Amino acid sequence: MSSAHLNNTATGESVDQWQQGELVEVVITDLSDSGDGVGRKGRRVVFVPDTVTGDRVLVRLIRVKPQYAYGKLHELLERSIHRARPSCIVADKCGGCQWQHIKYSYQLEAKRHQVIQALERIGGINQPPVAPVLQASNPLEYRNKSTYPLGKSATNQVQAGYYRKGSHHLINLNQCPVQDPRLNPLLAEVKQDIQRRGWQVYDEKRHLGQVRHLSLRIGRRTGEMLLTLVVTDENLPQLTLQATEWLQRYPQLVGVSLNHNPERTNAIFGEETRCIAGKPYLREEFANLQFHLRPDTFFQVNTELAEQLLQVIIEQLELKGNEVLVDAYCGIGTFTLPLARLVGQALGLEVQQASFEQAQLNAQRNGITNVKFIVGEVEKILPALDLKPDIVLLDPPRGGCDRAVLDSLLHLQPSRIVYISCKPATLARDLKILCESGGYRLTYLQPADFFPQTAHVECAAFLER
């Protein structure tokens with residue numbers, strides 16, 4: 001009998017005597033918002049990756065705290081009905097996906113539950129009006145952009161892939177089941193070209209080497225592709241020759257670029273991107289509009305689901321055609337421009353100069369004249385606006401809205417707010433402020449599965465005064 005089973009008057013076991021490295025048996029009863037299975041053992045919660053609700057498992061404890069522990073799946077004693085066979089042979093090792101072992105129907109159920117839990121616990125919203133999750137027609141092959149760190153094998157071969165879960169050990173990939181399959185040949189072959197050219201792969205521990213990441217992007221509707229190398233040093237021998245060779249080899253490849261990132265940082269892209277051969281952008285169609293996407297442009301990674309979510313927004317807003325709409329954090333105008341066609345006046349706010357310039361060009365490209373874009377921080381622009389919006393669309397980064405943005409909204413008092421978020425916890429935190437302080441009411445919330453096979457979920461929350 002393990003030390004975890006020694007005397008405890010309340011539970012029959014002394015969890016205080018749990019030891020790191022010990023094996024304990026746990027039944028998984030839930031999934032955490034980070035994607036791990038959650039079980040209980042006495043008074044402790046145990047988090048176990050690669051498990052799903054209903055699994056009975058033997059777990060090796062790797063980190064033990066007074067209230068909780070982290071474990072590693074040692075043996076699957078009893079399979080959950082929610083288990084699936086992963087589509088990828090390295091799914092148990094690669095950190096790119098967390099949920100390939102979970103049936104897609106249950107992934108959707110778990111994501112809706114995650115959203116409801118956040119709204120109730122963090123947002124204080126009782127029985128939130130959460131719709132069923134918008135699901136992907138194909139829960140694989142959906143990513144329109146993938147960026148792979150590069151590394152070296154034990155035999156000094158160039159590798160590209162994702163890091164092993166919880167480590168910086170690279171899992172080499174020649175294809176990835178969640179990216180658009182048209183990108184797979186480039187993933188398999190470009191690293192061989194890097195090897196052949198003798199370009200030095202970056203070593204993050206020693207901060208030495210030239211080539212850090214391989215980034216691939218595709219227009220789902222047009223098939224046009226971009227290949228970008230993230231480098232510490234732009235002087236790669238025979239670079240132009242190799243870039244021209246890539247353009248000839250891959251007919252759908254329209255541009256090869258270098259992104260310069262010499263910093264000792266976890267950020268993938270540096271500030272400067274330079275086109276080496278072909279075009280610095282690809283063409284994409286979204287919501288019947290033409291967009292140009294550059295290698296470092298933010299664009300939703302799941303084109304089809306982003307369109308579906310946009311359609312829900314249009315249906316929920318029931319636009320009359322005379323509204324004033326402000327799109328904060330507008331990016332390149334992905335949602336601003338389709339909505340601008342349905343309102344009287346639209347204004348997009350964007351902090352990044354490059355995205356702001358692309359938004360303006362995308363508006364011109366599509367002949368949309370009732371839209372204006374302003375560059376700068378939303379928390380500074382919003383309070384200074386000299387117009388009163390009827391609708392404000394928010395799509396902030398994962399950290400949610402700056403408090404100054406929420407205060408500005410409480411001052412501006414638009415009749416409706418649409419808040420798009422990729423993190424339910426920060427969404428719930430911000431909704432609590434808007435609903436408790438500003439007299440807003442959550443009328444509808446639409447989750448959307450932008451990221452199948454992971455624990456991430458996108459949401460659009462609809463608020464009315």
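This is a predicted model: local features need pLDDT of at least 70, side-chain atom pairs count only at pLDDT 80 or more; totals for chains, interfaces and linings use all residues.

Residues are numbered from 1 along each chain as its sequence is written, and side-chain values use heavy atoms, with hydrogens and water left out.

**Cysteines**

Select C88 and C94. The closest cysteine sulfur to that of C88 is in C94, at 6.3 Å, which is too far for a bond. A search of the whole structure for disulfides (pairs of cysteine sulfur atoms within 2.5 Å) finds 0. C88 has 17% relative accessibility and is therefore buried; buried means under 20% relative accessible area, exposed over 50%, and partly exposed in between, with a 1.4 Å probe and protein chains only. Next, select C275, which is partly exposed at 29%.

**Strand β21**

Select residues 458–464, strand β21. Helices (H or I, at least four residues) and strands (E, at least two) are DSSP runs, numbered from the N terminus. Because 6 of its 7 residues are buried, β21 is largely enclosed by the rest of the structure.

R441 has E464 in β21 as its bridge partner.

**The second largest pocket**

Select L31, S32, D33, Q117 and R121, which lie nearest the centre of the second largest pocket among its 17 lining residues. A pocket is an open set of points on a 1 Å grid over the protein atoms alone, where a 1.4 Å probe fits, with protein on both sides within 12 Å along at least five of seven lines; lining residues have an atom within 4 Å of a point. The elements giving two or more residues to this lining are β1, β2 (37–41), α1 (104–121) and α9 (424–438). With 6 residues, α1 gives the most.

**Before β1**

Finally, select Q19, in the segment before β1 (23–31). Q19 is partly exposed, at 46% relative accessibility. Show R60 as well: its C-alpha atom is 9.7 Å from that of Q19, although the two residues are 41 apart along the chain.

Definitions and conventions. Two strands pair if DSSP finds at least two bridges between them.
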